[in-house]
Amino acid sequence: MLYILEIVERELDYKMEVIHLSKQRFTANDLHQTIDSLPTSENDIVVIYYTGFGLLPPNKSSLFAHWKLRDNPTVGLSVDEVASWLEVKQKAKKLHLGLIVSEYSAQSIHSPQRVIDTLGVSMAYRKQVVKKLFLGHCGIVKMGSSLPDEPSWVNENHSASLFTESLVRAFERMLMPLDSSDLYQVSFRQFHAYSSSYLHRYFNEIPISQTPVLEMKSCEGSTFRSGVGVSSDSSTVSVKVLGGLLNSLAHNKDPLQRQQIKQQLAYYFTPDATVRVVRMYGMNRIPKPKEYTLGAYLDTIHLPGVNPSTQEIIPNMMYLYIGKIETDTTLLKSPLVKRLSVSEIWGNVAH
């Protein structure tokens with residue numbers, strides 16, 4: 001984020017001040033006081049970047065997970081509430097643009113090399129792009145790494161979250177348009193569209209999903225939302241969402257986070273659901289699939305495994321693929337999963 005903002009600072013000839021709230025100081029009251037005490041004017045820009053665990057919001061229509069706080073680890077802080085603090089400054093003519101970026105706690109992913117892209121070669125439009133993006137929009141902009149019920153992912157090969165890396169690449173692409181005719185498209189919608197495109201291309205054939213989100217409110221009061229997923233009764237989306245949550249649970253060692261992921265998963269299953277598991281260790285397959293109750297499988301999915309051929313202890317599976325979903329639609333408006341078949345691909349992730 002500092003890489004992006006240092007370019008903005010230079011091209012706008014603004015002076016940037018960076019304030020860091022550590023885990024110990026990150027409470028709703030500390031953040032509110034920090035925002036309220038900023039000596040800003042009507043031309044200033046405030047960017048709030050949060051990285052941490054996201055909690056499911058009570059409002060099911062919300063695009064943003066709540067921020068987990070040290071003093072409120074179960075409910076957290078609503079992104080809408082943070083936006084309302086910035087709106088107070090804006091209405092008092094003490095803010096031009098408020099940008100809130102939520103980078104939710106990331107799960108590990110083994111992604112191939114960076115996605116190839118074609119950029120322009122001219123640096124002549126940088127200042128025009130930055131001015132149009134940050135000064136041409138007055139209001140509050142909220143960007144998030146994923147929908148509340150989806151995990152976010154980090155690329156271990158690059159030591160960066162896919163969302164933040166995609167933001168950087170999208171920004172670089174916007175800074176170097178192919179020609180001047182592209183300047184009229186410069187906006188946060190374009191920024192979001194470019195970063196979403198990069199993010200989705202990372203997954204390719206990997207059985208998980210991540211949907212970045214955008215919500216804007218202009219100074220005039222108009223609003224825009226992007227990131228709403230396809231209806232949950234679609235079998236295609238169910239496979240992506242379930243695959244993402246199960247892969248996330250397999251890699252997550254934090255007890256509180258695991259419990260919250262399990263609660264999300266329970267929403268999609270019948271109480272007596274079962275899971276049929278086939279495990280692959282390199283080219284070696286366990287001959288006989290194993291059957292689990294849903295609860296037993298979710299309680300053990302994160303535990304280390306043992307390669308039956310070499311007796312090597314493997315700390316994590318690499319990926320989990322969903323093979324077949326059997327649903328129960330009895331007296332239900334939307335189907336629930338009663339039997340799930342999965343294939344686990346194991347490998348030593350430390351190598």
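Before anything else, a definition: when I say that two residues are in contact, I mean that they have heavy atoms within 4.5 Å. With that in hand, we can look at the chain as a whole, where, among contacts between residues at least 6 apart in sequence, 72% join residues at least 24 apart.

Please keep in mind that this is a predicted model, in which local features need pLDDT of at least 70 and side-chain atom pairs count only at pLDDT 80 or more, while totals for chains, interfaces and linings use all residues. Residues are numbered from 1 along each chain as its sequence is written, and side-chain values use heavy atoms, with hydrogens and water left out.

The protein chain has 9 helices and 18 strands, where helices (H or I, at least four residues) and strands (E, at least two) are DSSP runs numbered from the N terminus. Of its 351 residues, 49% count as buried, a word that stands for under 20% relative accessible area, with exposed meaning over 50% and partly exposed in between, using a 1.4 Å probe and protein chains only.

Let me turn to the cores. A nonpolar core is a set of buried Ala, Val, Leu, Ile, Met, Phe, Trp, Tyr and Cys residues joined through side-chain atoms within 4.5 Å. The largest one here has 30 residues, and those with the most contacts inside it are Phe 134, Phe 171, Phe 188 and Phe 191. Two or more residues each come from helix H1 (2-12), strand S5 (97-104), helix H4 (126-134), strand S7 (139-144), H5, H6 and strand S10 (213-218), and the largest share, 7 residues, is given by H5. If we leave aside neighbours within four places in sequence, Phe 191 is in contact with Ile 4, Leu 133, Met 143, Leu 167, Ala 170, Phe 171 and Met 174. There is also a second, separate core of 27 residues, which includes Ile 261, Phe 269, Ile 301 and Leu 320.

Now, how do the helices pack? Helix H5 (residues 162-175) and helix H6 (residues 188-203) meet at an angle of about 130 degrees, with their axes 8 Å apart; axes are lines fitted to C-alpha atoms, for helices over the stretch in contact, and angles run from 0 to 180 degrees between N-to-C directions. That angle makes H5 oblique to H6, since angles under 35 degrees count as roughly parallel, over 145 as roughly antiparallel, 65 to 115 as roughly perpendicular and the rest as oblique. The residues of this contact divide into 12 nonpolar, 3 polar and 3 charged, where Ala, Val, Leu, Ile, Met, Phe, Trp, Tyr, Cys and Pro count as nonpolar, Asp, Glu, Lys and Arg as charged, and the others, Gly among them, as polar.

For another pair, H1 and H4 pack at an angle of about 105 degrees with their axes 9 Å apart, which makes H1 roughly perpendicular to H4. Ile 7, Val 8, Arg 10, Glu 11 and Leu 12 of H1 and Arg 126, Lys 127, Val 130, Lys 131 and Phe 134 of H4 make the contact, and by class it has 5 nonpolar, no polar and 5 charged residues.

I will finish with two single residues. Leu 265, in helix H8 (residues 255-266), counts as buried because its relative accessibility is 0%, and, beyond its neighbours within four places in sequence, Leu 265 is in contact with Leu 242, Leu 245, Leu 246, Leu 249 and Leu 298. His 137, by contrast, is found in the loop between H4 and S7, and His 137 is buried too, with a relative accessible area of 17%.
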